[in-house]
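Have the viewer open and follow along.

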Amino acid sequence: MKRQVRIPTQLLAAGSALILAAGVLATGLSASAAGPTSVALGTANSFAVLGGSGITNTGSTVINGDLGTYPTTTINGFPPGTVNGTNHAGDAVTQAAKTDLVTAYNDAAGRGPTIPVAANLGGQTLTAGVYNSSSSLGLTGALTLSGSSSDVWIFQAGSTLTTATGSSVVLTGGAQSCNVFWQIGTSATIGTGSTFKGTIIAMTSITVTTGASIDGRALARNGAVTLDTNTITKSTCAAVPTPTVAPTVAPTVAPTVAPTAAPTTRVPASLPSTSTQGRDDAPIWGIVLSLAGFVLLAGLVRARDRRATTSPKV
């Protein structure tokens, strides 16, 4: 019986496995390197404050963005509060925004994979990702979010969000508050004098205490929004700058000077031509010759193996 040559088959299987493993590894690295995408707010995007069972304000609060509440349409405290936007109360725009808010809440709550996070976020520096606490989230001191202008942070709290007096969210490296989202399972309370960044999407109510500011939004699905001498500014992502293209400068063309004709020397017909015409085909011929050599070598190897298998055993 002739001996079968198994080495090529084994090499083919090993090479296929190596290519497959490399593809899986590259896919995994790409997936892990990519951060979360932004949470689409739909028509709720234009609102700085949106409630479910009314909005109450005390003091000279400034709202930079739209205002509305539904199904309870009661809004108190404007004035003395100021709305630099549209007070939609409970109109059709507010109703559409509340519908889109439910979609946004469910989107943020369902994001993953998640990174477990301690209940107190203070003193931490976090890069883009989806951070989850099965219970509450708190903030004492400063939380730093470090990333680029396109990075996104999503915080998921099973119950409440509470920030301490004077706490803050700090953005570095080009991070933008429009890309920070807080999905809260029950209610959120922003402490006195806090400087908060990001869009709060709470299932129940939101309370912003005296002197606190929000660069983002306060959006409550079912409960009320309570304000007290605050500044709430609807965050907007800055446009990515377009690279400036340097103008093309036309080169200065020097005047052409006609060369003096050199005497013509006749070259005998027997001398070899020095023309380079046709040399562009050299790389192609090199490839052809290399392939021919490879085929010849493969034929020699097969012939050797055939001779070895047909030789009589000793």
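Which residue in β19 is the bridge partner of Thr207? It's Thr226. Before going on, a word on the ground rules: this is a predicted model, where local features need pLDDT of at least 70 and side-chain atom pairs count only at pLDDT 80 or more, while totals for chains, interfaces and linings use all residues. Residues are numbered from 1 along each chain as its sequence is written, and side-chain values use heavy atoms, with hydrogens and water left out.

**Around strand β19**

Strands here are DSSP runs of E with at least two residues, helices are runs of H or I with at least four, and both are numbered from the N terminus. Two strands pair if DSSP finds at least two bridges between them. Strand β19 covers residues 225-228. Strand β17 (residues 206-208) runs parallel to β19, with two bridges joining them. Strand β1 (residues 47-58) is parallel to β19 too, joined by four bridges, and there Asn57 has Leu227 as its bridge partner. Look at the two faces of β19: Val225 and Leu227 are on the covered one, Thr226 and Asp228 on the uncovered one.

**The aromatic cluster**

Two rings of Phe, Tyr or Trp (its six-membered ring) pair if their centres lie within 6.5 Å; planes under 30 degrees apart count as stacked, over 60 as edge-to-face and the rest as tilted. The whole structure has three aromatic pairs. One of them is Tyr131 with Phe155, a stacked pair at 5.5 Å centre to centre and 20° between the planes. That pair links distant parts of the chain, with Tyr131 in strand β8 (residues 129-133) and Phe155 in strand β11 (residues 153-157), 24 residues apart. Then there's Trp182 with Phe196: the centres are 5.0 Å apart and the planes at 45°, so this pair is tilted. Trp182 sits in strand β14 (residues 180-184) and Phe196 in strand β16 (residues 195-202), 14 residues apart. Ring pairs tie Tyr131, Phe155, Trp182 and Phe196 into a cluster.

How buried are these rings? Buried means under 20% relative accessible area, exposed over 50%, and partly exposed in between (1.4 Å probe, protein chains only).

| Residue | Relative accessibility | Class |
|---|---|---|
| Tyr131 | 6% | buried |
| Phe155 | 0% | buried |
| Trp182 | 1% | buried |
| Phe196 | 1% | buried |

**The disulfide**

A disulfide is a pair of cysteine sulfur atoms within 2.5 Å, and a search of the whole structure turns up one. It joins Cys178 to Cys237, S to S 1.8 Å, and with 105° about the S-S bond the link is right-handed. Cys178 is in the loop between β13 (168-172) and β14, and Cys237 in the loop between β20 (231-233) and α3 (282-310), so the pair ties together parts 59 residues apart in sequence. Cys178 counts as buried at 8% relative accessibility, whereas Cys237 is partly exposed at 39%.

**Charged side chains**

A salt bridge needs a side-chain nitrogen of Lys or Arg within 4 Å of a carboxyl oxygen of Asp or Glu. The structure has one, between Asp107 and Arg111 at 2.8 Å, N to O. Asp107 is partly exposed, with a relative accessible area of 28%, while Arg111 counts as buried at 16%.

Finally, a charge sits over a ring if NZ of Lys or CZ of Arg is within 6 Å of the ring centre and within 35 degrees of the ring normal. The charged end of Arg221 does this with Tyr105, 5.0 Å from the centre of the ring.
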